[in-house]
Amino acid sequence: RFLSGYQLFELTELSKESLRGWDWVLSHGHRIYFILSNLDFTGLKLDEQIIHTVHFFAGSFTGQSMLDAFNAGSFYTLSRPVGASDSLSPDLISLSCVADTLRLHIVPVPRQIRFIGQDGNLRQVVEGSNQAMYVVQAHDTYSRTEISFEDHSLMLLNPLTRESEPDEERQ
């Protein structure tokens, strides 16, 4: 029920069950960020090997700047197959949120952009464009974004959360 003191949902693999767990936590009013870490690849075929990287929006490369970005959720996770190194690495060019509208621009053009809301429900899908916008629905306490690419890379943005009042006990 309460996850006091937790700020991060860390996993070593990406699965629908993992994402359902994250959605459950978010749906219950906890602002929890998501990060993936790497495991040993021993015994895995090349097409099964995935590298997870974390991309920070920090003002500088100082420890304090990185910590501030982490605490603010100003980062995203990119999962990329080892065999995809020949293709252009996905990059988030811009991201903004004005009022209830989220706008993003990414390269290269992704296969699909999925906006997910309350209880993990798919709210909107954008295909064939490297720009998208989504209006967070009034009944959603959060909205998160998954972006998939042709080379099987997957970008996971941290959620936008709606709070009537900050509640540190539930964050």
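How many bridges join β7 to strand β8 (residues 121–126)? Five bridges do so, and the two strands run antiparallel. The model is predicted: local features need pLDDT of at least 70, side-chain atom pairs count only at pLDDT 80 or more, and totals for chains, interfaces and linings use all residues. Residues are numbered from 1 along each chain as its sequence is written, and side-chain values use heavy atoms, leaving out hydrogens and water.

**View 1. Strand β7 and its pairing partners.** Strands (E, at least two residues) are DSSP runs, numbered from the N terminus. Two strands pair if DSSP finds at least two bridges between them. β7 pairs with β10 in the antiparallel sense, over five bridges. I116 has the bridge partner R144 in β10 and the bridge partner L122 in β8. β7 and β8 form a hairpin with three residues between them. In the turn, D119 has a positive phi of about 60 degrees.

**View 2. The two faces of β7.** In a regular strand, side chains alternate between the two faces of the sheet. Q112, R114 and I116 point one way from β7. I113, F115 and G117 point the other way.

**View 3. The largest nonpolar core.** A nonpolar core is a set of buried Ala, Val, Leu, Ile, Met, Phe, Trp, Tyr and Cys residues joined through side-chain atoms within 4.5 Å. The largest one has 16 residues. Those with the most contacts inside it are L104, I106, I113, F115, I147 and M155. Two or more residues each come from β4 (75–81), β6 (101–107), β7 (112–117), β9 (131–135) and β11 (154–161). β6 gives the largest share, three residues. Contact means heavy atoms within 4.5 Å. Leaving aside residues up to four places away in sequence, I113 touches L104, I106, Q124, V125, V126, S129, A132, T145, E146 and I147.

**View 4. The aromatic pair.** The structure holds one aromatic pair (Phe, Tyr or Trp rings, the six-membered one for Trp, with centres within 6.5 Å). F115 and Y134 form this pair, which is stacked (planes under 30 degrees apart): 5.0 Å centre to centre, 10 degrees between the planes. F115 lies in β7 and Y134 in β9, so the pair ties together parts 19 residues apart in sequence. Both residues, F115 and Y134, are buried.

**View 5. A138 in its loop.** A138 is found in the loop between β9 and β10 (142–148). At 73% relative accessibility, A138 counts as exposed (over 50%). A138 and R162 are 24 residues apart in sequence and 9.1 Å apart in space, C-alpha to C-alpha.

Definitions and conventions:
Buried < 20%, exposed > 50% of the residue type's maximum accessible area, 1.4 Å probe, protein only. Helix = DSSP H or I, 4+ residues; strand = E, 2+ residues; numbered from the N terminus. Phe/Tyr/Trp six-rings, centres within 6.5 Å; stacked < 30°, edge-to-face > 60°.
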